[in-house]
Amino acid sequence: MKTLSQLYHLIENNPGKAFGITCLFLIAYQLISVFWGFELCDSGFYMTFYDHIFKAPESVEYNFMYYLSGVIGGAFMTLFPDAGIFDMRILGIVNNMIIIYLLYKLFRKQIPMSAIIIGCVLVTISYIAMPMTFYNDLITSLLYTTAIFYIFKGLNRNKYLYFIISGIIIGINSFSRIPNILDYGIILLVILHALYYRETVCLCINRCLVFTVSFIIGIMGIISLMKVWGRIAYILQESFK
């Protein structure tokens, strides 16, 4: 118990260094899975989507329910033509580490540093148990975490800009996979915050309206791009099957 107490105080007295060491450990842990064989069930499914989304979208129209991850993966492979499964796993690690950094920024003033480290380590170790290629779940987690980060920033600083950013991100995230449209439910955080801190009804309504309009803008923005690129028919076909 004395050793644990000393470790706790060491972490709390050196939060930056403790978080940096934790990040290095988590990167090293995830890198193990980068070299951990190859499986065709899911990775092949994603890699085919990334490879064909711009060249032959009609051949991967089923994957359009995960449209945004396909665009990001396809853009990555376009920028790096020699990229393969190894590179997409590295992209997955980068994705995960950005999430961990956002969680650190979100919670560092709210809970002890040791709690943040334990939470990030447990989640990463329990989730990354196989070769983890970049795919829709990872980008979903990143965008959702980013949206929560900005909505809390908006609540703490009382700036509508952050509600706009958060709403647009949630709207865009609806195209990482279609059920993500339910992420709009984080608007409840605005209402709960208003109830807890006894804020005015007018302020709460204004924040909710800004968030909602931004959410719609995010959705319409992606739909507009899909229409320009001639992709709208594919996602509509898959969404309403």
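Predicted model: local features only at pLDDT ≥ 70, side-chain atom pairs only at ≥ 80, totals over all residues.

Helices (H or I, at least four residues) and strands (E, at least two) are DSSP runs, numbered from the N terminus. Residues are numbered from 1 along each chain as its sequence is written, and side-chain values use heavy atoms, with hydrogens and water left out.

**Overall build**

- The chain has eleven helices and zero strands, giving the pattern α-α-α-α-α-α-α-α-α-α-α along the sequence.
- The C-alpha trace spans about 60 × 55 × 30 Å along its principal axes.
- Of the 241 residues in the chain, 44% are buried (buried means under 20% relative accessible area, exposed over 50%, partly exposed in between, with a 1.4 Å probe and protein chains only).
- Taking contacts (heavy atoms within 4.5 Å) with a separation of 6 or more, 73% join residues 24 or more positions apart.

**Surface and charge**

**Two surface patches**

- Patches are made of residues with over 30% relative accessible area and no salt bridge, joining like charges within 9 Å and nonpolar side chains (Val, Leu, Ile, Met, Phe, Trp, Tyr) within 5 Å; a salt bridge is a side-chain nitrogen of Lys or Arg within 4 Å of a carboxyl oxygen of Asp or Glu.
- Lys105, Arg108, Lys109, Arg157 and Lys159 form a positive patch.
- Lys109 sits in the loop between helix 5 (85-107) and helix 6 (113-127), and it is exposed because its relative accessible area is 71%.
- A nonpolar patch brings together Leu24, Ile27, Leu31, Phe35 and Phe86, with about 490 Å² of accessible area together.
- Helix 2 (residues 15-34) gives the most to this nonpolar patch, with three residues, while Phe86 is partly exposed at 39% relative accessible area.

**Loop residues with a positive phi**

- Most residues other than glycine have a negative phi.
- Asn158 is not a glycine, yet its phi is positive, at about 55°; the residue lies in the loop between helix 7 (136-157) and helix 8 (160-173) and is partly exposed at 42% relative accessibility.
- Arg198, also not a glycine, has a positive phi of about 55°; its loop runs between helix 9 (187-196) and helix 10 (201-229), and its relative accessible area of 77% makes it exposed.

**Two buried residues**

- His193 belongs to helix 9 and counts as buried because its relative accessibility is 13%.
- Beyond its neighbours within four places in sequence, His193 is in contact with Leu155, Glu199 and Arg207.
- Thr140 belongs to helix 7 and counts as buried at 7% relative accessibility.
- Not counting residues up to four places away in sequence, Thr140 touches Asn173, Ser176, Arg177 and Asn180.

Key. Areas by Shrake-Rupley, 256 points an atom, 1.4 Å probe, with all protein chains shown as cover. Lys, Arg positive; Asp, Glu negative; His and termini not counted. Charge placed at Lys NZ, Arg CZ, Asp CG, Glu CD.
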